[in-house]
Each structure stands twice: as C-alpha cells, then as structure tokens.
Amino acid sequence: FFAYTADTSGSPDTKQLHVGYYLNGQRFDLAHGVAMPSNWTTLRVVTTNLGDLSVYIDATLVYSTNKPLLTSATGAGLYSDSAGRGLVNRWDNFTVYEAP
C-alpha cells in the first residue's frame, strides 16, 4: 500500500492525501483528494494483520479501511508518486515496526 500527500492546484500550501496499493503491477486508489488540515506535521499509517489500514494526520484519523488482501502483504518502504521528485519529497523519522 502507499499513502502520500500532493499539492492541490499547484499550491504548495494546500495538500491532499492519496492512499492506495499496487497489485500485480496495477495501481488501485483507495482514497484520493482527502483534504489535509493546515499546519500538519506528521503522517502516520497503521496497518494490522487483519487488513486494517488507518491514516492519521498528527493525532487525527483522516482515513481508514479494511482490505483483506493486505493481510499477507510484506515489506515496507518509501514511496514517490512520480519520477524525478527526489529533491521535492522529504521523509523524516521513517520507522517500521511490528505492533503487538
């Protein structure tokens, strides 16, 4: 799965959340254009082995779903929505850990 933010209407001050996954090389969008609160600092994604996926902006839950196909997903990493954006994207404090 992936979760990322993108500028809206070319404005760097207005961001929207996009959530989805890739399966067999095909992209599936679960949510796109979810409005982000202003002045947010932390994007946190929590998944469970039951297929639950919850996205938090700071302490606020902004999106959640259950996708059973995620129950067997493995691996984690950083995601960039388009090529050549390495200097634009920034990730701080990226951590993956198994939740009890």
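S54 sits in strand β5, where strands (E, at least two residues) and helices (H or I, at least four) are DSSP runs numbered from the N terminus. This is a predicted model, in which local features need pLDDT of at least 70 and side-chain atom pairs count only at pLDDT 80 or more, while totals for chains, interfaces and linings use all residues. Residues are numbered from 1 along each chain as its sequence is written, and side-chain values use heavy atoms, with hydrogens and water left out.

Back to S54. With a relative accessible area of 17%, S54 is buried; the label means under 20% relative accessible area, with exposed meaning over 50% and partly exposed anything in between (1.4 Å probe, protein chains only). Contacts are heavy atoms within 4.5 Å. Once neighbours within four places in sequence are set aside, S54 touches R44, V45, V46, L61, Y63 and S64.

Strand β5 pairs with β4, and pairing here takes at least two DSSP bridges between the strands. The two run antiparallel and are joined by 5 bridges. One of the residues involved is R44, whose bridge partner in β5 is Y56. The hairpin of β4 and β5 has 4 residues between its strands, and in this hairpin G51 takes a positive phi near 95 degrees.

Zooming out, the protein has 6 strands and 0 helices, so the pattern along the sequence is simply β-β-β-β-β-β. Of its 100 residues, 19% are buried. Looking at contacts with a separation of 6 or more, 25% are between residues 24 or more positions apart. The accessible surface comes to about 7,200 Å², and carbon and sulfur atoms own 49% of that; these areas come from the Shrake-Rupley method with a 1.4 Å probe, and for residues only the protein chains shown count as cover.

Now for the inside. In soluble globular proteins, nonpolar side chains tend to be buried together. A nonpolar core is taken here as a set of buried Ala, Val, Leu, Ile, Met, Phe, Trp, Tyr and Cys residues joined through side-chain atoms within 4.5 Å. The largest such core holds 11 residues: A3, L17, V19, A31, V34, M36, L53, V55, I57, Y63 and L70. At least two residues of this core come from each of β2 (11-23), β3 (26-35) and β5 (52-57). Strand β5 gives the largest share, with 3 residues. As for Y63, its contacts, leaving out residues up to four places away in sequence, are L17, V19, L30, A31, L53, S54 and V55.

H18 belongs to strand β2. At a relative accessible area of 14%, H18 is buried. Skipping neighbours within four places in sequence, the contacts of H18 are F2, A3, Y4, A6, A31, H32 and G33.

On the outside, F1, L43 and V45 make a nonpolar surface patch with about 220 Å² of accessible area together. Patches are built from residues with over 30% relative accessible area and no salt bridge, joining like charges within 9 Å and nonpolar side chains (Val, Leu, Ile, Met, Phe, Trp, Tyr) within 5 Å. V45 is part of strand β4 (residues 43-47) and counts as partly exposed, with a relative accessibility of 30%. F1 lies in the segment before β1 (2-8) and is also partly exposed, at 46% relative accessibility. Beyond four places in sequence, F1 touches G20, Y21, V45, T47, L53 and L70. Side chains of opposite charge can pair when their charged atoms come close. A salt bridge here needs a side-chain nitrogen of Lys or Arg within 4 Å of a carboxyl oxygen of Asp or Glu, and a search of the whole structure turns up 1. R27 forms a salt bridge with D29, with the closest N and O atoms 2.9 Å apart. R27 is partly exposed at 28% relative accessible area, and D29 is partly exposed at 45%.

Finally, T41 is in the loop between β3 and β4. With 63% relative accessibility, T41 counts as exposed. T41 and D58 are 17 residues apart in sequence, and their C-alpha atoms are 6.3 Å apart in space.
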